[in-house]
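Reader: Please take a close look at one helix in this model. I want to know how it sits in its chain, with the chain as background.

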Amino acid sequence: MGSLADQFLVLSLLINFIVLGTSRLGFAVRAVAIQGVVLGFLPALIHPFSWHIVLIVILMICAKGIIIPWLITNAIRKAEIKREVEPFIGYIPTLVLGAVCTVLAFVFAKKLPMAAEHQGLLFVPASIATLMTGFLVLTTRRKAISQVIGYLLMENGIFIFGLLLAEAMPVMVEAGAVLDLLVAIFVMGIIMNHISREFSSLDTSRLTMLKEE
Amino acid sequence: MQLSLMLFMPAVGAIIAWFTPDNRHRPYILPLFAAIHLAILGWVLIDTPPASPGGWFLLDPIGKLVILSFSILFAACAWYAVNYLRYRKERSNRILCSALLLCLSAMCLVSISQNLGVLWVALESTSVLMAPLIYFNRNARSLEATWKYLLICSVGIAVALLGIFFLAYSTIVAHQDATLLLSSLIDDAPRLNPGWRHTAFIFLLVGFGSKMGLAPMHTWKPDAYGEAPGLVGALLAGGLVNCAFLSLMRVYQIAAATQEAASFQSALIAMGLISMAFAAVFMARQSDFKRMLAYSSVEHVGILTLALGLGKGALFGALFHMVNNCLTKGVLFLSSGNIHRAFGSKNTAVVRGAIRWVPWSGALFLTGFLAITGSPPFAPFVSEFTIVSNAFTMGNYWAGSLFLVFLAVIFIGMALTVLPVVLGEPPAGETGTSEPYRDSFVSVMPLMVLMAIMLVLGIWVPSPLQTLLTEAAGLLGGGR
């Protein structure tokens, strides 16, 4: 069971690099959606069957695989933009940075002791690497949609770590987390719509009116 | 029972506000439910219910202080909102009224939750609910402010969630059941794995720090405070800051029980001083008086964090300052809102001599400035004095001296903006607003009440409040 989970995690690490390397927003959204679905199946792989786990799987796949990507795709269609143009740092450098972050995550994770049942699994490095990738995307891209995609990657990273706790944590907290995520994306989606109407593009580098003189 | 009543009453108000069709009468729901909330709060404070089964919800002295301070502020803002929204007839206030009341519910949940998971959910809800409030003016500038706010706060709060997960996982590693209950975490803390614990504390400090607006994660603050309506700015600077500080205090409670207490405290001291330094630099020559208030908020979260880091006797000062900062910021933001409307601008090149145009608001803005910069006889003077004197008696001369230097620089920097705004030569002729705005009873009275509270607390602290502050400081590990 554990090795299968690890393969899923490796897949999600690869998806991180796809998102880092692509300029096509629609493609990036689909990649994050696939990552969401892959991660959504994980709890079923590492925990024994229970209705609680089934609920998490269904919630996660619906939220991360269907609803949120659908919201963002809608925003892309309305704003009529397809590509990220001129990120603050180019694609090759961010890919290299992403690789460095992933290696660092593995080094860092070695230092942290794991519970007996999670020994030798990739959860901690995958979680930290995904979080850092998300942060990279968030800080280096100009388009509001890319920044939301970065935020989603960060949330996925946190979710990977949260899986280790899925059995021990009360369901209410997770439900709350998903709900909050959904609301946050929803609010961001509305604001993205307004940004595109107000500035006739979703380029956050035009948001420069407010600064110190 | 009482706690859930307190929690759900504002939410009921939000639903009523949402379904009230009339834009003119809807704002009256705000003061009505604020009054109901204060009444329930008074009942809860006098007859405090025991912890809920499972211990998830409990109103402890720290929570009481937080909830008391932002509830008074909320009541003042709600009272003020009626008049404000009368001047903003052109815009639907349905979202504003509902989101304000829902936010009150979420802030109450933050104050009473003893489970870090629930605390996180509540804090995240307050951030999300504040976003439409900052965007109330629906123009390009407020849009930019909202986007920055939402992005930085969401990332910060996500990092904090990971920190909470790390703490929970370290309890599994220690061969116990995973728990996020504050009391068990405090008990377990010394036995948790240092690696996990240390990482968790760093993540939590960064996460809650960006929510509080500690430098260098404060960049959203000037934009959000500058563009939001005055009453929303007041709730951001008083309510949200207190909720985020409460979360930081919860982390502190856990950290204080471990061997890393000293390093965590020095991290807090460093972050506090850095925030004060940033505020001191950017406060000077601010041409927008609402942005200036935002830097004042950065300064005061710095003071709070510094005092928390100093520990022991300074904790009393930290808690007292939290209350004082909350209420004084209310006066400053609401009066600056009045001045903003009277002049139709918040640029100091245009806004001069507010005391002639709106005498009451101008005077209150000036008094609020004196209070927040720590002039006697107002309450912030007492709390800041407590903090600095404890810094020196504990032998932390560096922190104490830097604190005093920054306070002096900030006083001068703020005075350079505030004095011309209030006392300068007013611009010739009528300003651009078509409907000239003048002070009225409802737009000034809530501010007077807040200011009066600050004056009274500066001279005399009633014994129930004194007990509450001492108990709360005791929970954090500091006696007087």
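This is a predicted model: local features need pLDDT of at least 70, side-chain atom pairs count only at pLDDT 80 or more; totals for chains, interfaces and linings use all residues.

Now the helix itself. α9 of chain B covers residues 220-227 and is mostly covered. Eight of its eight residues are buried. They are B:W220, B:K221, B:P222, B:D223, B:A224, B:Y225, B:G226 and B:E227. Buried here means that 20 or more other C-beta atoms lie within 10 Å of the residue's own. So the list takes in B:K221, B:D223 and B:E227 along with B:W220 and B:Y225.

Next, the chain around it. Chain B holds 19 helices and zero strands. Of its 480 residues, 62% count as buried. Its C-alpha trace spans about 75 × 55 × 45 Å along the principal axes. The radius of gyration of chain B is 21 Å; this agrees with a compact globule, because 480 residues would give a value near 23 Å. Contacts in chain B tell of sequence distance too. Among those with a separation of 6 or more, 81% are between residues 24 or more positions apart.

Chain A gives some context. Chain A has seven helices and zero strands. Its elements run α-α-α-α-α-α-α from the N terminus on. Buried residues make up 45% of its 213 residues. In chain A, 77% of the contacts between residues at least 6 apart in sequence join residues at least 24 apart.

Technical notes. Residues are numbered from 1 along each chain as its sequence is written. Chains are lettered from A and ligands numbered from 1 in the order in which they are written. Helices (H or I, at least four residues) and strands (E, at least two) are DSSP runs, numbered from the N terminus. The radius of gyration is taken over C-alpha atoms; the globule rule is 2.2 Å times the number of residues to the power 0.38. A residue is buried if 20 or more other C-beta atoms lie within 10 Å of its own, exposed if 12 or fewer, and partly exposed in between; C-beta atoms are placed from the backbone. Two residues are in contact if their C-beta atoms, placed from the backbone, lie within 7 Å.
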